[in-house]
Amino acid sequence: MHVYLDNAATTPLDKQVLEAMLPYMQNHFGNPSSIHTHGREARSAIEKSRKTIASLLNTSPSEIFFTSGGTEADNTAIISGIRSLGIKHAITSPIEHHAVLHALEYLEKNGEIKITYVQLDEKGHIAEEAFEELVSKNPGSFVSIMHANNEVGNINNIEWIGNVCTEHQCIFHSDTVQTVGHFPIDLQKLKLHFIAGSAHKFHGPKGTGFLYMNHNSTVKPLLYGGAQERNMRGGTENVYGIVGLAKAMELAYQNLEKDKNHIRALKQSLIQKLKLAIPEIDFNGDCCNPEKSLYTVVNAALPQHDINEMLLFNLDIHKISVSAGSACASGTDIGSHVLQSLKADENKAHVRFSFSKYNTMEEADYVVEKLQRMYK
Ligand code: PLP
């Protein structure tokens, strides 16, 4: 058995998505900017995909811009948004993805903005009172708060954040990379200026995503070049990627309830069985709270043990693929900025298990059994 429990890093491509993409790799290879039949076929696939995505998010196709993924969407919202709207102050949280934090830090180092980090409560959620005070003292700021955290799975109440931002004339961007395709997002109800989505987090292809940009927040492009994406992003479009993104999103929302119930049961079972197998185990963030965390993510703090140094390696030997904190932080010695901000115990081994619709109860049980043996 080979168990893949690193779905917050990336998910396997759905076969139906691959099938939707293949014709655009093999036959319909035209450049969407060309006016001949080949080009028009590709253009029409892009515009159909845009409509699909817009309708799933209850917004207008003219507010969807295709990008190379979540990072580019976040960077465009933040860098172009702040510059074009002449904003001088940003409010964010210390546990945002680096696609957000590093973009904001770049602007700060460049002398363009000052960043204020909002306080978190003991579980790692935005401390609501502190946030409200911060926003009311800094009207007109650029606020970037993620919908759900990719390492510990905490969900923020973006409806409430949007209302607070509106009250104080702030621009609100939310990194929704971990929630698009997993939770309904109704852009008519939410007061958001920008959101970011990435296909490979919901069984679509890597290297393709989108930026939602509200009509009222017109910004300058991040990439200059041709007139693609209504002059917002120069460069020939990733046609088969875009087709795959739309197909993956369509399937994700079609089967949302069924997949959610299946994955939620796996998550709950893993937590319960791990608690019994390793009584000293702890969990990071609010991942045990089903109301306020992703149903896909469990972040466990395993007790001090000789095995901890080589834990991921040992799990890998047992054919279990998981991540230490976040895939983006693994492989470096820096450690996870999220776990550091949450003051996670340095003596423990922190492992993120993240599920998809393809995981089974048998796989979850296999992981518990292997971990129990290791921590005996
Ligand atoms: N934001 C979050 C919360 C993520 O989890 C990721 C991916 O790990 C990204 C942004 C970056 O997305 P992409 O890999 O599509 O650039």
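A: A crossing is left-handed if the near helix is turned anticlockwise from the far one by less than a right angle, and right-handed if clockwise. Helices (H or I, at least four residues) and strands (E, at least two) are DSSP runs, numbered from the N terminus. The crossing of H3 and H4 is right-handed. This is a predicted model, in which local features need pLDDT of at least 70 and side-chain atom pairs count only at pLDDT 80 or more, while totals for chains, interfaces and linings use all residues. Residues are numbered from 1 along each chain as its sequence is written, and side-chain values use heavy atoms, with hydrogens and water left out.

Q: At what angle do the axes of H3 and H4 cross?

A: Two packed helices are described by the angle between their axes and the distance between the axes. Axes are lines fitted to C-alpha atoms, for helices over the stretch in contact, and angles run from 0 to 180 degrees between N-to-C directions. For helix H3 (residues 70-84) and helix H4 (residues 98-109), the axes cross at roughly 30° and come within 9 Å. H3 is therefore roughly parallel to H4; angles under 35 degrees count as roughly parallel, over 145 as roughly antiparallel, 65 to 115 as roughly perpendicular and the rest as oblique.

Q: Which residues make the contact of H3 with H4?

A: Contact means heavy atoms within 4.5 Å. H3 contributes Thr-71, Asp-74, Asn-75, Ile-78, Ile-79, Ile-82 and Arg-83, and H4 contributes Ala-99, Val-100, Ala-103, Leu-104, Tyr-106 and Leu-107. By class there are nine nonpolar, two polar and two charged residues; Ala, Val, Leu, Ile, Met, Phe, Trp, Tyr, Cys and Pro count as nonpolar, Asp, Glu, Lys and Arg as charged, and the others, Gly among them, as polar.

Q: How is the pair H2 and H8 to be read, and is the crossing left-handed or right-handed?

A: The crossing of H2 and H8 is left-handed. Helix H2 (residues 37-56) packs on helix H8 (residues 239-254) at an angle of about 30°, with the axes 9 Å apart. The two helices are therefore roughly parallel to each other. Among the residues making the contact are Ala-42 and Ile-46 of H2, and Val-243 and Met-249 of H8. The contact comprises twelve nonpolar, two polar and one charged residue.

Q: How many helices and strands does the protein have?

A: There are twelve helices and twelve strands. The radius of gyration is 21 Å, close to the 21 Å that the globule rule gives for 376 residues, so the protein is as compact as a globular protein of that length. This radius is taken over C-alpha atoms, and the rule is 2.2 Å times the number of residues to the power 0.38. The C-alpha trace spans about 65 × 55 × 35 Å along its principal axes.

Q: Is His-203 buried or exposed?

A: Buried means under 20% relative accessible area, exposed over 50%, partly exposed in between (1.4 Å probe, protein chains only). His-203 is buried, at 8%. This residue has a positive phi of about 70° although it is not a glycine, and is found in the loop between strand S7 (194-198) and strand S8 (209-213).

Q: Where does Lys-319 lie?

A: Lys-319 lies in the loop between helix H10 (311-317) and strand S11 (320-321). Its phi is near 60°, a positive value in a residue other than glycine. Lys-319 is partly exposed, with a relative accessible area of 41%.
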